[in-house]
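Hi everyone, thanks for coming. I'd like to walk you through a structure that may be new to you, beginning with the view on the screen.

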Amino acid sequence: GLWAKVLETAHSAYLDHRKEVALTLYKKAAEIGLEVGQSNAAWLLERLDGETEDTQYSNFELAIHYHQLAADQGNVNSLLQIGDAYYYGRGTEVDVNKSVAVYRQGTQLRSA
């Protein structure tokens, strides 16, 4: 359908080194609830830190937002990334207790 085409176009843009275009398209897909758009937007944001135009939040802060949306849909890798963000203080304050809690949540989902 239409959203599959949006995701395909985003992927093509990424491969053509048009990362901002890819990010915009993945964010659109993410906001309507597509998990692959959420996780891909988060992945790109982590790699483009400081290179995008959003000045209200850092890219790592936005990445956590999109990882959380994907995690809410059962994406265990996004939980791992959120745990890492708390552990290393990327986009948030360092919080080892939150990090451990998120890692445990991911372990429970993976073994369910």
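Before we look around, one term: when I say contact, I mean heavy atoms within 4.5 Å. Please also keep in mind that this is a predicted model.

Leaving aside its neighbours within four places in sequence, A22 is in contact with A10, A13, Y14 and L44. Where in the chain does A22 have its place? It belongs to helix α2, which covers residues 19-31. And is A22 buried or exposed? Buried means under 20% relative accessible area, and A22 has 0% relative accessibility, so it counts as buried. For a sense of distance, take E93: A22 and E93 are 71 residues apart in sequence, and their C-alpha atoms lie 28 Å apart in space.

Now let's step back to the whole chain. The C-alpha atoms fill a box of roughly 40 × 35 × 20 Å along the principal axes.

What about the inside and the surface? Of the 112 residues, 38% are buried. The chain exposes about 6800 Å², with carbon and sulfur atoms supplying 51% of that area.

Last, the charges: the chain has 10 positive and 15 negative ones, and their mean positions are 5 Å apart.

Technical notes:
Residues numbered from 1 in each chain as written. Predicted model: local features only at pLDDT ≥ 70, side-chain atom pairs only at ≥ 80, totals over all residues. Heavy atoms only, no water. Buried < 20%, exposed > 50% of the residue type's maximum accessible area, 1.4 Å probe, protein only. Areas by Shrake-Rupley, 256 points an atom, 1.4 Å probe, with all protein chains shown as cover. Lys, Arg positive; Asp, Glu negative; His and termini not counted. Charge placed at Lys NZ, Arg CZ, Asp CG, Glu CD. Helix = DSSP H or I, 4+ residues; strand = E, 2+ residues; numbered from the N terminus.
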